[in-house]
Amino acid sequence: MGRRPTLHEVANLAGASLASTSRALNGNGASPEMIEKVQAAAKRLGYYPDAAGRSLRMGRTFQVGFAVADIGNPVYVDMMKAIHEVVGPQGYHVVVVTTGNDVTSTADVIRALSSGVVDGLVISPLRSNEALAQQMEHAPIPVVVIGRVAEGTTLDSVWADSAAGIGMAVDQLVGAGRRRLLFLHGPLGTTPASRRLQGFDAAVARHGLPLLGMLVADDFTVEAGTRAVDSLLDDGAAERPDAIVAANDLLAIGCIQALRRRHLSVPRDVAVTGMDDTEIAAVFSPSLTSVALGSRERGKAAAELLLRRIGGEQGPAQRVHVAPRLVVRESSGGPA
């Protein structure tokens with residue numbers, strides 16, 4: 001391994017003092033011309049600032065956490081990209097951590113990340129309770145929640161009204177002539193699934209349609225959606241719906257796979273809608289009607305709130321709302 005270039009060598013090549021070179025590399029108190037000159041010299045020499053030393057000097061790790069239930073879910077991938085686009089130019093790295101879908105593991109993650117690992121945390125918990133809310137509210141680092149929080153809490157949050165979004169999907173299906181609608185639920189007790197079920201029940205009642213009940217999946221994955229719909233179709237006593245509203249896109253795709261195996265056509269025999277409008281919704285066949293909840297917008301807004309709090313901004317808790325939007329495609333009888 002070759003010798004590492006020194007700050008002194010960068011200063012000599014840039015024709016600047018050590019103090020000016022250090023300020024330019026830290027982006028603190030140097031002119032744009034000096035920053036450009038010093039960064040060019042550092043790049044030519046292959047010099048990289050000592051991150052540990054910088055952290056000690058400034059009292060920061062220059063890392064932000066992003067804690068989610070499942071890092072494989074494309075919704076969280078979109079959020080992560082948006083967070084990186086905001087914090088990266090400010091010199092921060094994103095540490096992504098999986099919490100699972102139970103409160104205890106989520107609390108453990110918050111505790112671990114708060115112990116000097118990151119300067120702030122964006123978190124999207126699937127489940128919550130009063131103890132977890134208190135832990136997030138009183139964490140020693142700033143915390144921003146993607147999702148709903150209780151009124152009166154001091155936590156900043158970014159949320160989308162998924163119940164209203166489900167209502168949009170139901171309205172479109174009813175407008176297309178569907179009358180036997182079924183909700184494909186995620187795991188019971190999770191905040192997203194509960195909100196979406198409330199929206200489904202309210203929309204069906206508004207149209208005066210009978211409730212066929214709900215179908216519960218044990219996870220928010222493609223495989224879980226397939227298993228749940230298989231169990232429905234295996235039950236000969238169950239009335240077959242003419243439309244299934246799934247709690248997310250992955251469940252909807254699993255639903256379509258199960259229907260196809262029974263030689264049922266989507267949308268002719270059963271229409272299907274999802275939620276989140278992930279990239280796969282547009283390229284799947286048939287293309288998937290889905291409620292867009294602004295994953296990238298929520299990630300961007302959360303990151304911006306977090307950076308302001310890390311920078312010392314005070315003031316009341318911020319609530320940022322991202323409006324849902326229905327994207328109609330083939331799976332619900334929309335345009336090809």
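**View 1. Lining of the largest pocket by residue class.** By class, 19 nonpolar, 11 polar and 7 charged residues line the largest pocket. Ala, Val, Leu, Ile, Met, Phe, Trp, Tyr, Cys and Pro count as nonpolar, Asp, Glu, Lys and Arg as charged, and the others, Gly among them, as polar. The model is predicted: local features need pLDDT of at least 70, side-chain atom pairs count only at pLDDT 80 or more, and totals for chains, interfaces and linings use all residues. Residues are numbered from 1 along each chain as its sequence is written, and side-chain values use heavy atoms, leaving out hydrogens and water. The 37 lining residues include Ser124, Pro125, Ile146, Thr191 and Pro192, which lie nearest the pocket centre. Helix H9 (191-206) gives the most, with 4 residues. A pocket is an open set of points on a 1 Å grid over the protein atoms alone, where a 1.4 Å probe fits, with protein on both sides within 12 Å along at least five of seven lines; lining residues have an atom within 4 Å of a point. Helices (H or I, at least four residues) and strands (E, at least two) are DSSP runs, numbered from the N terminus.

**View 2. Helix H11, residues 249-261.** At 1.5 Å a residue, the 13 residues of H11 should span 18 Å, and the end C-alpha atoms are 19 Å apart, which agrees. The expected span is 1.5 Å times one less than the number of residues. Of the 13 residues, 10 are buried, so H11 is largely enclosed by the rest of the structure. Buried means under 20% relative accessible area, exposed over 50%, partly exposed in between (1.4 Å probe, protein chains only). Among the buried residues are Asp249, Leu250 and Cys255. At the helix start, a side-chain oxygen of Asn248 comes within 3.3 Å of the backbone nitrogen of Leu250.

**View 3. Positive phi at His263 and Asp276.** His263 follows H11, with phi near 60 degrees. This residue is exposed, at 71% relative accessibility. Asp276 has phi near 115 degrees. Its place is in the loop between S9 and H12. Asp276 is buried, at 9%.

View 4. Pro267 sits in the loop between H11 and strand S9 (271-275). Pro286 lies in the loop between helix H12 (279-283) and strand S10 (289-292).

Terms used
A polar contact is a pair of N or O atoms within 3.5 Å; within protein, one must be able to donate a hydrogen and the other to accept it, and residues adjacent in sequence count only if both atoms are side-chain atoms.
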